[in-house]
Structures are given as structure tokens and as C-alpha cells.
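The points are grouped by topic.

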Amino acid sequence: RRLTSPDSLHHLPVHPLWQSPLTIPGGTRQSPINIQWRDSVYDPFLKPLKISYDPATCLHIWNNGYSFLVEFDDSTDRSIIDGGPLENQYRLKQFHFHWGAINDWGSEHTVDCKFYPAELHLVHWNAVVYPTFEEAVMEGDGLAVIGVFLKLGARHEGLQTLVDALPAVKHKDTVIEFDVFDPSCLMPSCPDYWTYAGSLTTPPLTESVTWIIKKQPIEVDEDQLEAFRMLLFTSDGEEEKRMVDNFRPLQPLMNRTVRSSFQ
Ligand SMILES: Cc1ccn(O)c(=O)c1
Ligand SMILES: [Zn+2]
């Protein structure tokens, strides 16, 4: 006996993405988490993170209905990261952000329970071991995501070229060409990071991510954060819903240790 017939499902309220299951049954390494600075363990064997991105691999920006993604040509090893906690190199596929309706919250990870107004995620996959991104998403060592906190401060000139393009992707499922951008301009100058084993923060929430969270935030100004907040979750013609608060709630640390690359 089917508990819910297919047509009855259509009458359920539509859940925005991150209000999808808050916890994964049997999940032991979910993300995001609070990083308690004093509980993180310095690991002297952690290497410096090596980043080499080719700006020409940038393809387009698209509003996928829960963030805006800047996607890259990942058919070759032209934009990769290596070193850090990683066993081999990982290919850049896309980067996106999570942010709040106001500056008091918006990041996915917190540091000593402090939220930042936004968080950048640069998503890479293990093309050395897995043939496709889709397969890597299902494997424990499949993905590596660099997290960078955004704090309110000076205008970020590198981010501005991205901000200027956002009005063109206001609505869900809109895309524009964006063919030269070097995401390394979004990296803070300090090399220090925390790292831990976690998951995607959006469905399928698979436990396939080695997280590398930069200790130092980058500064952006109020106008740049406001530009994120004028994007819409909704498609053109639908009742407008501002794209804000697109972050997943904190998940239990369970049996994990956060390592630091610094003392
Ligand atoms: C692959 C993936 C998808 C969504 N988010 O938020 C991530 O950080 C990584
Ligand atoms: Zn993310």
C-alpha cells in the first residue's frame, strides 16, 4: 500500500532546498559545523594548500534557484588545487556563496559560534580517481571544498566584476556567459586553514567532502552583500522571493576532530 499517491505529493508545500531533511538518517559526518577554535588540533603534517586556477576555464554564471554558481570547464586539469590535507589534486568545478538576509548571519560554518554574513564555497572533485563529478559526489574522498568567510568591510574589487553581472541572473534558471575570472582573487592572504571530513550542505548531502576552511575572512562592503540579496529564488513571472538565508543549519560534530594547519 503506497502511503502517499503521487498526485497527493503535488499538494505538499514546496520546501526550499536547505529546508530539506535537516539531518540524514545514519549521517556521521554532516556539514556545516561550528569550528571551536580551542578544540581544533594542530597537525604539523598538513601541507600548504596549492591553488592554480586558469581564468580562461571560467564559463558562465547561473542562478540555480538556491545560489548563484560560477561554473568552470573541468574537462582538463587546468584549474586545480593540491597539497593541504589532500592525497592528490582536485579539479575546480564551480564556486557559489551562502548568505543571510542581514549581516548578523549567512555563513554555513561558524567559528566559536560566530556567524559571518556570507561564505564562499569553491567546489573541486577528485578526477584522478573518479571519471565524473557525479560519481565523485558519492565517494568519501570525492570532493574538496574551500570555504572562505566574507565579513563586512572594504569593497572587494575582484568580487565587483561578479557583482556587476548578478542583475543578469536575477531569476532562477537564468544564465549568462562569464568567460574570464580568476577565483584566486577571492582568497585571503593568510595561508592558515582548518580541515575536517564532512558533506555537501545541499541535497544529496552525501558525505564526500574534505572541507578546507580558511581562517582569515575576506572583506566585502554592504553594497556587495546587498547585490547578493537582490537575487531571487523564483523564476521570472512567479511571485518574487528574495534569495536570502540559503544556508543549512549546523550539524552535530559527532566523532570528528577539526585539524588546523597553524598553531
Ligand atoms: C557540491 C556542493 C553543492 C552545494 N554546496 O553548498 C556545496 O558547498 C557543495
Ligand atoms: Zn556551498
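Phe-247 counts as buried because its relative accessibility is 17%. The model in which this residue is described is a predicted one. A search of the whole structure finds 14 aromatic pairs, and a search for salt bridges across the whole structure finds 9.

**Aromatic pairs and cluster**

- Among the aromatic pairs found in the whole structure, Phe-115 and Phe-247 form a tilted pair, at 6.3 Å centre to centre and with 55 degrees between the planes.
- This pair links distant parts of the chain, 132 residues apart: Phe-115 is in the loop between strand S8 (110-111) and strand S9 (118-125), and Phe-247 is in the loop between helix H4 (222-229) and strand S15 (259-260).
- Phe-115 is partly exposed, since its relative accessible area is 31%, whereas Phe-247 is buried.
- Phe-178 and Phe-181 also form a tilted aromatic pair, with 5.6 Å from centre to centre and 35 degrees between the planes.
- Phe-178 has a relative accessible area of 10% and is therefore buried.
- Phe-181 is likewise buried, because its relative accessibility is 4%.
- Both Phe-178 and Phe-181 belong to one aromatic cluster, which also contains Phe-68, Phe-72, Phe-95, Phe-97, Trp-99 and Phe-228.

**Salt bridges**

- Side chains of opposite charge can pair when their charged atoms come close.
- Arg-259 forms a salt bridge with Asp-43, in which the closest N and O atoms are 2.8 Å apart.
- Because Arg-259 lies in strand S15 and Asp-43 in the loop between strand S2 (41-42) and S3, this pair ties together parts that are 216 residues apart in sequence.
- Arg-259 counts as partly exposed, at 31% relative accessibility, while Asp-43 counts as buried, at 15%.
- Asp-77 forms a salt bridge with Arg-91, and the closest N and O atoms of this pair are 2.4 Å apart.
- Asp-77 lies in the loop between strand S5 (68-72) and strand S6 (80-83) and Arg-91 in strand S7, so this pair ties together parts that are 14 residues apart in sequence.
- Asp-77 is partly exposed, with 38% relative accessibility, and Arg-91 is buried, with 13%.
- Arg-229 forms a salt bridge with Glu-222, where the closest N and O atoms are 3.3 Å apart.
- The relative accessibility of Arg-229 is 2%, so Arg-229 counts as buried; Glu-222, at 30%, counts as partly exposed.
- Asp-54, Asp-73 and Arg-78 are joined into one network by salt bridges that share partners.

**Surface patches**

- A patch of negative charge on the surface gathers Glu-87, Glu-134, Glu-135, Glu-139 and Asp-141.
- Glu-134 counts as exposed because its relative accessibility is 53%.
- A nonpolar patch on the surface is formed by Ile-102, Trp-105, Phe-115 and Leu-250, which together have about 320 Å² of accessible area.
- Ile-102, one of the members of the nonpolar patch, is found in the loop between strand S7 (90-99) and S8.
- Ile-102 is partly exposed, as its relative accessible area is 36%.
- Phe-115 therefore takes part in this patch as a partly exposed residue and also pairs with Phe-247.

**Two serine positions**

- Ser-52 is located in strand S3 (residues 49-52) and counts as partly exposed, at 37% relative accessibility.
- The C-alpha atoms of Ser-52 and Pro-188 are separated by 15 Å, and the two residues are 136 residues apart along the chain.
- Ser-107 has its place in the loop between S7 and S8.
- Ser-107 counts as buried, because its relative accessibility is 0%.
- From C-alpha to C-alpha, Ser-107 and Val-220 are 14 Å apart in space, and they are 113 residues apart in sequence.

Technical notes: Residues numbered from 1 in each chain as written. Chains lettered and ligands numbered in written order. Predicted model: local features only at pLDDT ≥ 70, side-chain atom pairs only at ≥ 80, totals over all residues. Heavy atoms only, no water. Patch = residues over 30% accessible without salt bridge, like charges linked within 9 Å, V, L, I, M, F, W, Y side chains within 5 Å. Areas by Shrake-Rupley, 256 points an atom, 1.4 Å probe, with all protein chains shown as cover. Salt bridge = Lys/Arg side-chain N within 4 Å of Asp/Glu carboxyl O. Lys, Arg positive; Asp, Glu negative; His and termini not counted. Charge placed at Lys NZ, Arg CZ, Asp CG, Glu CD. Buried < 20%, exposed > 50% of the residue type's maximum accessible area, 1.4 Å probe, protein only. Phe/Tyr/Trp six-rings, centres within 6.5 Å; stacked < 30°, edge-to-face > 60°. Helix = DSSP H or I, 4+ residues; strand = E, 2+ residues; numbered from the N terminus.
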